[in-house]
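Visitor: Good afternoon. I am new to this structure and would like to be guided through it.

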Amino acid sequence: MKKILLGLILISSVCACESISQYAGSGDASTKAKLHSCLVNEATAKYQAGTLFTQGVVATSKELAGTCIKKLALQSAGISEETQSMASTIIQNFQSFGAAQ
């Protein structure tokens, strides 16, 4: 069952990549390709973690879409995921320091 599902995901990924190529003349082909890549990566990560099917399809798709839209928005604003992670770590360090006093 898992192999069949993974196969379907891979096939849909290839098909989607082919359909994205039709937008090659438009300026948003790169954005759509990045979005598709992010969605596949996020779905794959959830699948490997065993959490892809814990919610309904609609809830999971909204979660994946929201995650990827945030990541792409941060990238387009010049804020990388690594930069955001570093900022979060700094804030958490301050919180820990404040709680220790």
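Guide: Let us begin with a term: two residues are in contact when heavy atoms of theirs lie within 4.5 Å. Please note also that this is a predicted model.

Visitor: What share of the contacts with a separation of 6 or more comes from residues 24 or more positions apart?

Guide: Such residues account for 46% of those contacts in the chain.

Visitor: And how many helices and strands are there?

Guide: The chain has 4 helices and 0 strands. Read from the N terminus, the order of elements is α-α-α-α.

Visitor: How much of the chain is buried?

Guide: Of the 101 residues in the chain, 15% are buried. The chain exposes about 7600 Å², and 64% of that area is supplied by carbon and sulfur atoms.

Visitor: Let us turn to α3. Which of its residues are buried?

Guide: They are T60, L64, C68 and L72.

Visitor: Why do residues three or four places apart point the same way in an α-helix?

Guide: The reason is that an α-helix has 3.6 residues a turn.

Visitor: What do the buried residues of α3 pack against?

Guide: They pack against α2, which covers residues 29-49.

Visitor: And which exposed residues sit on the face of α3 turned away from its buried side?

Guide: That face carries V58, K62, I69 and K70.

Visitor: How does the span of α3 compare with what its 20 residues should give?

Guide: Helix α3 runs over residues 57-76 and, at 1.5 Å a residue, should span 28 Å. Its end C-alpha atoms are 28 Å apart, which agrees.

Visitor: What comes just after α3?

Guide: There one finds G78, which takes a positive phi of about 85°.

Visitor: Which residues does K46 contact, leaving aside neighbours within four places in sequence?

Guide: K46 is in contact with T51, L52, T60, E63 and L64.

Visitor: Finally, where is E81 found?

Guide: E81 is in helix α4, which comprises residues 81-100. At 48% relative accessibility, E81 counts as partly exposed. The C-alpha atoms of E81 and K71 are separated by 7.0 Å, although these residues are 10 residues apart along the chain.

Technical notes
Residues numbered from 1 in each chain as written. Predicted model: local features only at pLDDT ≥ 70, side-chain atom pairs only at ≥ 80, totals over all residues. Heavy atoms only, no water. Helix = DSSP H or I, 4+ residues; strand = E, 2+ residues; numbered from the N terminus. Buried < 20%, exposed > 50% of the residue type's maximum accessible area, 1.4 Å probe, protein only. Expected span 1.5 Å × (residues − 1). Areas by Shrake-Rupley, 256 points an atom, 1.4 Å probe, with all protein chains shown as cover.
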